[in-house]
Amino acid sequence: MSDVHEVRVAGIDCGTNSIRLMVATVGEHGMHVEVPRIMRVVRLGQDVDKTHRFADDALERTYRAIDEFADVLREHPVDALRFVATSATRDAENRKEFESEVEKRLGVRPDVIPGTEEARLSFLGATSVLHTQFGDQLPPAPYTVIDLGGGSTEMVIGGDGVDTPSDQVAAAFSMNIGSVRMSERHLLSDPPTRDEIDQAVADIDEHIDEAFEKVPAWRTGTLIGVSGTVTTMTGIALGLREYDRDAVDGAVIGFADACSTCDKVLTMTRDERREYPVIHPGRIDVIGGGALVWNRVLNRIGDAVHDHTGRVLNSYVTSEHGLLDGIVLDLGRRTLSAR
């Protein structure tokens, strides 16, 4: 498989809306991707916010993707595999059935991680590529990473690069808000009504208030956004005709452009969203909820920075590297150190 100086590992990120696989070698010089990210929208978290159970059809969609991943892993044997499950699985009362079925199909049991661990791994993934994205002209620390998922949104801030390393987590919090959860809970009309939007904003702001009690987001030097919602909003803000990973990764987007884009997507009908190839078909019905969460996060963090320090934070860095990269890099380092 691999020599003593590197290991080949695989990570699976099983979220509320999508499931993703990546295979990479990890060594002393970093990580080299061998099988690029494979993503399937399976909506595992369908109605979990309401029923607290996985729906049968959601499980079947997810098992089909897992079988596909098993075929890939047979072609690319690895030294270690970690299957990480997040918000939807944390909330599902019938998760044991799911965990057992995954173990039967993949040979590894899902690791249902808490939100704080999800935040740490997302932060690791996002900050690990800053030198690749920006070279020696690194953006200012501290870095705040927002991982906006389907069921939860993680907010995590690192050190200032002076007293503590900029890639070291200083504080993290997981909010139970996300694109699927907000869409299913509040944005039921097509397009959503003003009252539905107002109720969702109140819900989102309540969670952000709670996050701010744990995470000093006002210290943010650079805001980094990861996840499908953020990258999709960036693609639309850039005016891309179709999704372009290279154009999106590392793109710096102003808050004004981002919030305008979020407002536009939020108030579109589903048919109007289908006219945008940048929006993955599996996100059509939930991207509005994600756009609203992202809009509120940007506004609230920008206001917090200005209110506490007088500084102006008016842009964010988009990253294609988040939880999945963190899972693989962390697993590779631990596997290597155990040799």
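1. P191 sits in the loop between α7 (179–185) and α8 (194–214). Helices here are DSSP runs of H or I with at least four residues, strands are runs of E with at least two, and both are numbered from the N terminus. A cis peptide bond joins D190 to P191, with omega at about 0°. Another cis peptide bond joins A141 and P142, where omega is about -5°. P142 is placed in the loop between α6 (130–134) and β6.

2. A word on the source: this is a predicted model, in which local features need pLDDT of at least 70 and side-chain atom pairs count only at pLDDT 80 or more, while totals for chains, interfaces and linings use all residues. Residues are numbered from 1 along each chain as its sequence is written, and side-chain values use heavy atoms, with hydrogens and water left out.

3. The chain is divided into domain 1 (6–115 + 324–338) and domain 2 (127–322), with bounds that come from an automatic or database domain assignment. The contact between them takes 19 residues from domain 1 and 20 residues from domain 2, where contact means heavy atoms within 4.5 Å. The C-alpha centres of the two domains lie 23 Å apart.

4. Where does the largest pocket lie? Both domain 1 and domain 2 give residues to its lining, so the largest pocket lies between them. A pocket is found on a 1 Å grid over the protein atoms alone: it is an open set of points with protein on both sides within 12 Å along at least five of seven lines, whereas a cavity is a set where a 1.4 Å probe fits but cannot get out. Lining residues have an atom within 4 Å of a point.

5. The volume of the largest pocket is about 730 Å³. That volume is the space filled by probe spheres set on the grid points, which are joined across faces, edges and corners. The lining has 36 residues, and S18, R20, S227, G228 and R283 lie nearest the centre of the pocket. The elements that give two or more residues to this lining are β2 (18–27), β3 (30–41), β6 (143–148) and α9 (228–237). Of these, α9 gives the most, with four residues.

6. By residue type, the lining of the largest pocket divides into eight nonpolar, 20 polar and eight charged residues. In this count Ala, Val, Leu, Ile, Met, Phe, Trp, Tyr, Cys and Pro are nonpolar, Asp, Glu, Lys and Arg are charged, and the others, Gly among them, are polar.

7. Is D325 buried or exposed? D325, in helix α14 (residues 323–337), is buried, with a relative accessible area of 2%. Buried means under 20% relative accessible area, exposed means over 50%, and partly exposed is in between (1.4 Å probe, protein chains only). The side chain of D325 makes a polar contact with the side chain of R37 at 2.5 Å. A polar contact is a pair of N or O atoms within 3.5 Å; within protein, one must be able to donate a hydrogen and the other to accept it, and residues adjacent in sequence count only if both atoms are side-chain atoms. Beyond its neighbours within four places in sequence, D325 is in contact with residues including M22, M31 and G125.

8. T318 belongs to strand β11 (residues 315–319) and is buried, with a relative accessible area of 0%. Its side chain makes a polar contact with the side chain of T234 (2.8 Å). Among the residues that T318 touches, not counting those up to four places away in sequence, are Q133 and D249.

9. D249 is in the loop between α10 (245–248) and β10 (252–254). At 23% relative accessibility, D249 counts as partly exposed. The side chain of D249 makes a polar contact with the side chain of Q133 (2.9 Å), and also reaches the backbone nitrogen of E320 at 2.9 Å.

10. The loop between β3 and α1 (48–51) holds R43, which is buried at a relative accessible area of 13%. R43 is in contact with residues including T16, R61, G282 and D285, leaving aside its neighbours within four places in sequence. D47 also has its place in the loop between β3 and α1. D47 has a positive phi of about 65° although it is not a glycine, and it counts as partly exposed at 26% relative accessibility.
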